[in-house]
Amino acid sequence: MRIDVVTIFPEYLEPLNVSLVGKARARGQLDVHLHDLRSWTTDVHRTVDDTPYGGGPGMVMKPEPWGAALDAVLAEGAEALAADGDAAVGDAAVGDAADGDVAVQVPTLVVPTPSGRPFTQELAQELAGRSWLAFAPARYEGIDRRVIEEAATRMPVVEASIGDYVLAGGEVAVLVMVEAIARLLPGVLGNAESHRDDSFAPGAMADLLEGPVYTKPAEWRGREVPEVLLSGHHGKIARWRREQAFARTLAHRPDLVARWQQGAFDKKEREALSVLGLRWDEEQGRFRTTADAVEE
Ligand code: 6GU
């Protein structure tokens, strides 16, 4: 996968050289290119922002540097991918196949913004299926809207938020998204199984947080590892882990519990849910706690 990032703080993205993402780059599984937005300014002050039309606080990123930067990234990336003979599809191949038979590739443009759609595991999976991503993290109050609108006529654009809080800029969000995406790429994680039961992975463990984990020694500062984990009884261990996951999800994410469907649980599991105070409400079509009833 090729990744381009245009930012006024390329140094903010240095963690991409470390650990999982750094190794994926070293192995050639990820091809990351950082670009300084200011290199596409034309004034001596290298200005990237200006006051907002209509008034209000803060500054807005000017369209011209972003437009020139995206033009350059598109041209550079398309040339590199064509030279690679990278016929990988997946990204919308827009335009006329001017260079012989090979359609010109475009990236999916990811714009981190607190007003974007939620960046979820599902979106990470979707983006992990693309062969080229470009990220446009903003500082200040955001990028002039026309940049996003014009970009959307040339490539797929995804505006995404990493959570309900406001960062000073999108760079950290890029780190978050790239790490979440990179670990889904084939061959990047050591153990191909290790994201199968991640919290939030679509599939069997969807909408369920992972429970606690333990390693050696079996006793530490007077605290013992739960006995069942030492039993060697795989069925019991799996059941215990699932019950721990139920309790943790109920404690931390009742909104996920509200998505659970009764049919997803066997008899023993329903008993475990009942011990946690969770009962199926036939009328509402969701699990409810005794606390829910008190609230009403
Ligand atoms: Cl993607 N950017 C900024 N600036 N703040 C955020 C965010 C993104 N996601 C949550 N908060």
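Two strands count as paired if DSSP finds at least two bridges between them. Helices (H or I, at least four residues) and strands (E, at least two) are DSSP runs, numbered from the N terminus. The model is a predicted one, in which local features need pLDDT of at least 70 and side-chain atom pairs count only at pLDDT 80 or more, while totals for chains, interfaces and linings use all residues. Residues are numbered from 1 along each chain as its sequence is written, and side-chain values use heavy atoms, with hydrogens and water left out.

The protein has nine helices and eleven strands. Of its 296 residues, 38% are buried, where buried means under 20% relative accessible area, exposed over 50% and partly exposed in between (1.4 Å probe, protein chains only).

Now take strand β1, residues 2-7. Six of its six residues are buried, so β1 is largely enclosed by the rest of the structure. In a regular strand the side chains alternate between the two faces of the sheet. In β1, R2, D4 and V6 point one way, and I3, V5 and T7 point the other way.

Which strands pair with β1? One is β2 (residues 31-36), which runs parallel to β1 and is joined to it by six bridges. Within this pairing, V5 has L34 of β2 as its bridge partner. Another is β6 (residues 132-135), also parallel to β1, with four bridges between them. Here D4 stands opposite A134.
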